[in-house]
Amino acid sequence: MTYQPQSDFGTPAATSDAQITLTIDGRTVTVPAGTSVMRAAAEQGTSIPKLCATDSLSAFGSCRLCLVEIDGRRGTPASCTTPVEPGMVVHTQTPRLQKLRKGVMELYISDHPLDCLTCGANGDCELQDQAGAVGLRDVRYQPVETHLGQAKDQSNPYFDFDPSKCIVCSRCVRACDEVQGTLALTVQGRGFGSKISAGMASDNFLGSECVSCGACVQACPTATLIEKKVVEIGTPERAVVTTCAYCGVGCTFRAEMRGEQLVRMVPWKEGKANRGHSCVKGRFAWGYAQHQERILKPMIRGSISEPWREVSWDDALAYAASELTRISNKYGKQALGGITSSRCTNEETFLVQKFVRAGFGNNNVDTCARVCHSPTGYGLKTTFGTSAGTQDFDSVEDSDVILVIGANPTDGHPVFASRMKRRLRKGAKLIVIDPRRTDLVRSPHIEAQHHLALQPGTNVAVLTAMAHTIVTEGLVNEAFVKERCDWDEYQDWASFVSEARNSPEALEAITKVPAADLRAAARLYATGGNGAIYYGLGVTEHSQGSSTVMAIANLAMATGNIGRRGVGVNPLRGQNNVQGACDMGSFPHELAGYRHISDAATRALFEREWGVQLDSEPGLRIPNMLDAATDGVFKAIYIQGEDILQSDPNTHHVASGLEAMECVIVHDLFLNETANYAHIFLPGSTFLEKNGTFTNAERRIQPVRKVMTPLNGYEDWEVTQKLAQALGLDWNYTHPSQIMDEIARLTPSFAGVSFDRLDQEGSLQWPVNESAPDGSPIMHVDGFVRGKGKFVVTDYVPTDERTGPRFPLLLTTGRILSQYNVGAQTRRTDNVVWHEEDLLEIHPVDAENRGIKSGDWVRLSSRAGETTLRATVTERVAPGVVYTTFHHPLTQANVVTTDYSDWATNCPEYKVTAVQISPSNGPTEWQENYAKLQSSARRIAKAEAAE
Ligand code: SF4
Ligand code: SF4
Ligand code: SF4
Ligand code: FES
């Protein structure tokens with residue numbers, strides 16, 4: 001589309017069912033009660049001049065530009081703060097109003113630099129537009145004192161703050177408070193002296209509490225807060241709506257372009273997942289797409305000790321096909337496999353699993369979702385019948401009690417966290433179950449009623465003790481359970497949880513959670529109104545990950561918290577398309593739509609469509625592929641968009657598996673750690689360079705649209721297709737919409753999905769089919785998908801990973817806001833200013849016992865390996881627990897994680913590793929070598945780029 005700013009109705013939409021009819025400028029308009037006069041006018045196409053109002057924020061009424069006249073009322077009320085009334089007669093354009101507005105605007109402009117022609121926002125500035133709208137042509141005042149000439153704050157890597165252009169409308173302050181919930185900005189001083197300040201502790205944005213979400217920049221009607229890229233490149237000429245490629249919130253953005261250059265990503269107000277908000281990653285951290293280290297030409301080598309050789313696409317694909325054929329002929333078809341990526345589109349993921357099943361003739365396909373949310377699939381399918389969360393994000397607005405377990409949404413799912421915090425500020429209660437004192441436990445205007453700081457690895461015990469409290473204190477919603485769940489299974493479960501050994505008191509020694517706290521939290525969840533559970537990888541990445549998911553489902557069913565708005569069980573998905581990768585048949589035992597490969601009818605459907613015979617036996621999971629490789633029977637792998645060496649547990653095991661293979665094909669943006677073991681490198685494309693869809697944590701399928709030509713020449717689905725063709729498969733897709741059509745034909749929950757519908761409706765939440773033609777925002781409304789809800793007895797089984805004299809501390813891992821997963825993208829952006837390295841959090845007592853201070857290098861060792869990193873001493877972690885992020889390859893936190901995994905799904909037990917921490921002189925030898933390698937690779941890349 002050509003460039004049009006997003007529409008702005010001035011004030012938020014009202015939600016009342018009651019309708020009010022009034023007259024504006026002689027025209028009748030009917031709007032919901034509670035609508036402002038300004039919005040009612042906008043909805044009928046009349047735009048009233050405004051500066052301090054915008055429809056993402058509640059009205060403030062400070063600029064006095066939006067004055068109107070209303071019959072029967074004295075004065076000229078502000079239309080943004082005046083609600084409509086029945087029969088009201090409003091005039092928006094009268095000589096009196098025009099004069100008043102011109103006068104107000106003249107005062108603003110008299111204290112504003114008159115540099116429009118050279119200003120970065122020229123042509124994209126509300127102040128400029130409104131000056132035109134009120135007919136201001138010259139300024140008569142010469143103020144004695146002005147704000148002109150104040151110094152700019154350019155500390156933030158992505159946006160500038162120029163106070164000389166500020167009109168103190170406070171839209172930025174309100175955006176930070178109301179939308180983002182960080183409360184980083186204040187208006188300091190009064191009257192003429194009032195100015196916007198980024199917090200008390202610092203006089204600049206970078207040093208303040210600001211988390212760089214960009215909400216204030218978006219809200220600013222002047223060029224006071226402006227993206228550096230707009231200043232550098234110029235204002236945008238066109239916009240394309242697409243979906244963020246970072247986390248599972250699935251924010252939609254307008255990619256605003258000038259020529260082939262991306263100027264900025266602006267959150268799309270109509271996006272149903274983000275409702276016009278963003279975090280620093282989606283909003284600003286897209287520079288990696290043009291990073292000089294991106295590999296744009298295919299490369300091959302005979303062995304991993306040889307240097308890479310650039311070749312043409314045809315040669316690379318022919319070589320790959322010949323190697324795959326050779327290996328299949330020599331070792332048998334089971335020697336080959338593939339890995340799909342939760343970062344790629346549904347269509348790309350679908351093609352990779354099709355390539356493995358139809359091309360290799362086996363089911364050796366797995367996905368990086370294995371290492372994060374596979375227990376969600378297993379647990380929710382078993383209990384409810386569907387491998388997905390139950391709610392849409394809007395649902396949180398109706399929650400009364402929010403239970404967050406094993407998730408850190410302010411860092412991991414920031415835009416959803418902002419929505420959740422908004423609900424909490426309005427009075428919902430909060431229970432946090434986490435070994436660490438995450439930001440959510442206490443942040444401005446929010447304090448958790450209960451923080452159960454459990455011992456890592458004891459989720460099941462805590463949830464069972466909560467269930468014990470609910471059952472034994474008579475807090476079960478028996479009517480719901482009798483109607484909706486299997487009553488016999490419920491009774492078995494109820495008698496199990498009621499056993500004295502499962503009481504909070506009996507389990508306190510294991511969980512380290514005071515029994516009284518745990519009981520109080522359980523009572524609150526069961527009796528506090530609509531109770532919603534949100535969880536993350538702190539639930540799934542455990543040896544009892546699947547049990548924990550089922551224990552969560554048990555709690556929700558026992559309390560009747562399923563099947564309506566405000567309640568539910570909601571996995572917060574890590575990567576952008578974890579849900580989609582699972583939906584698309586990426587697991588070795590399931591075809592798209594979670595149908596078992598052994599089911600003959602499902603296989604027949606796919607066999608007819610694909611014209612091949614499918615293997616009925618489930619294939620190998622990632623760890624089994626690596627085991628089989630070290631055993632000498634698995635020889636070739638195609639890995640799209642995943643760095644298993646860095647993201648999978650026990651790095652040494654992954655490395656030896658890869659080293660044992662004869663053909664490793666890595667298809668990615670950068671030469672990642674896994675590529676050190678690759679023989680063929682196929683350059684990948686970024687989300688900005690491709691068409692397709694992602695499915696977020698709400699089961700929301702959203703379009704990904706190509707905004708620029710792929711620098712490597714091809715979208716990823718095209719590369720997979722070319723590889724398939726080189727292997728002799730007869731694939732002829734010309735657009736990903738045809739792949740989605742095939743998915744819809746083969747997958748009942750996607751039956752009603754097409755690119756055309758997505759273009760028209762923006763997004764669709766599966767299931768979309770005959771029984772749910774408009775999609776399914778809330779699941780299990782009239783009954784569970786599996787019929788009766790299934791209670792599952794979840795006995796607590798301690799992990800085999802134990803602390804002892806050699807490894808007395810428990811390590812748990814997580815993410816930080818500015819970085820994403822192994823950091824391949826975010827480390828190649830200016831986000832590094834917030835997180836240059838992974839740090840080890842250690843409690844003051846444990847630190848003192850070891851003579852460790854903040855900033856010291858420490859050795860982190862486990863039974864699997866060791867690494868070094870710097871320590872930070874903090875009470876965020878309990879004594880006995882240490883924590884680190886895993887974003888930097890130099891740390892390689894997974895060197896120390898073990899091979900233990902979830903009993904049902906093999907999801908690695910990342911969240912519990914017994915470790916020892918000791919002082920260290922600095923990086924280990926391999927880290928130093930690695931750092932040298934990286935810097936020389938960077939030097940070479942820079943030199944090549946300069947040439
Ligand atoms: S920085 Fe922008 S949004 Fe904030 S008060 Fe100034 S003009 Fe208004
Ligand atoms: S960027 Fe976000 S967090 Fe920072 S000041 Fe603006 S609204 Fe607040
Ligand atoms: S919250 Fe997630 S989806 Fe939204 S902008 Fe941030 S990283 Fe992207
Ligand atoms: S827009 Fe209504 S007072 Fe500013």
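This is a predicted model: local features need pLDDT of at least 70, side-chain atom pairs count only at pLDDT 80 or more; totals for chains, interfaces and linings use all residues.
A residue counts as near a molecule if one of its heavy atoms lies within 4 Å of it.

Start at ligand 3. The residues around ligand 3 include the cysteines Cys244, Cys247, Cys251 and Cys279. Tyr246, Val249, Gly250 and Phe253 belong to this shell too, along with Lys281, Gly282, Pro414 and Val415. Which helices supply at least two residues each to this shell? They are helix 7, covering 280-284, and helix 12, covering 414-425. Sorted by class, the shell around ligand 3 holds 9 nonpolar, 2 polar and 1 charged residues.

Now move to ligand 2. Around ligand 2 you will find Phe159, Cys176, Gln180, Leu185 and Phe205, and then the run Cys210, Val211, Ser212, Cys213, Gly214, Ala215 and Cys216. Helix 4 (171-180) and helix 5 (215-219) are the elements that give two or more residues to this shell. By class, the shell of ligand 2 has 9 nonpolar and 3 polar residues, with no charged ones.

Ligand 1 is the next stop. There are 13 residues around ligand 1, and those that come nearest are Cys166, Cys169, Ser170, Cys172 and Cys220. The shell of ligand 1 divides into 9 nonpolar, 3 polar and 1 charged residues.

From the ligands, we can turn to some single residues. Look for arginine 254 in strand 10, which spans residues 252-258. Is arginine 254 buried or exposed? Arginine 254 has a relative accessible area of 4%, so it is buried. A polar atom of the side chain of arginine 254 lies 2.6 Å from the backbone oxygen of glutamine 4.

Histidine 653 sits in helix 24, residues 651-659. Histidine 653 counts as buried because its relative accessibility is 17%, and the cut-off for buried is under 20%. Leaving out residues up to four places away in sequence, histidine 653 touches Pro623, Leu626, Asp627 and Asp899.

Phenylalanine 784 is found in a loop, the one between strand 30 (764-765) and strand 31 (809-814). With a relative accessible area of 5%, phenylalanine 784 is buried too. What does phenylalanine 784 touch, apart from residues up to four places away in sequence? The residues are Phe384, Phe480, Arg484, Cys485, Met557, Ile562 and Gly789. Take isoleucine 562 from that list: it is 222 residues from phenylalanine 784 along the chain, yet their C-alpha atoms are separated by 9.2 Å.

Finally, let us see how some helices meet. Two packed helices are described by the angle between their axes and the distance between the axes. Helix 16 (residues 504-511) and helix 17 (residues 515-527) cross at roughly 115°, and their axes come within 9 Å. The crossing of helix 16 past helix 17 is right-handed. Here Pro504, Glu505 and Glu508 of helix 16 meet Ala515, Leu518 and Arg519 of helix 17. That contact has 3 nonpolar and 3 charged residues, and no polar ones.

Another pair is formed by helix 21 (residues 600-610) and helix 26 (residues 736-746), which pack at an angle of about 150° with their axes 10 Å apart. Helix 21 also passes helix 26 in a right-handed crossing. Leu605, Phe606, Glu609 and Trp610 make the contact from helix 21, and Glu742, Arg745 and Leu746 from helix 26. By class, this contact has 4 nonpolar and 3 charged residues, with no polar ones.

Technical notes
Residues are numbered from 1 along each chain as its sequence is written. Chains are lettered from A and ligands numbered from 1 in the order in which they are written. Side-chain values use heavy atoms; hydrogens and water are left out. Axes are lines fitted to C-alpha atoms, for helices over the stretch in contact, and angles run from 0 to 180 degrees between N-to-C directions. Helices (H or I, at least four residues) and strands (E, at least two) are DSSP runs, numbered from the N terminus. A crossing is left-handed if the near helix is turned anticlockwise from the far one by less than a right angle, and right-handed if clockwise. Contact means heavy atoms within 4.5 Å. Ala, Val, Leu, Ile, Met, Phe, Trp, Tyr, Cys and Pro count as nonpolar, Asp, Glu, Lys and Arg as charged, and the others, Gly among them, as polar. Buried means under 20% relative accessible area, exposed over 50%, partly exposed in between (1.4 Å probe, protein chains only). A polar contact is a pair of N or O atoms within 3.5 Å; within protein, one must be able to donate a hydrogen and the other to accept it, and residues adjacent in sequence count only if both atoms are side-chain atoms.
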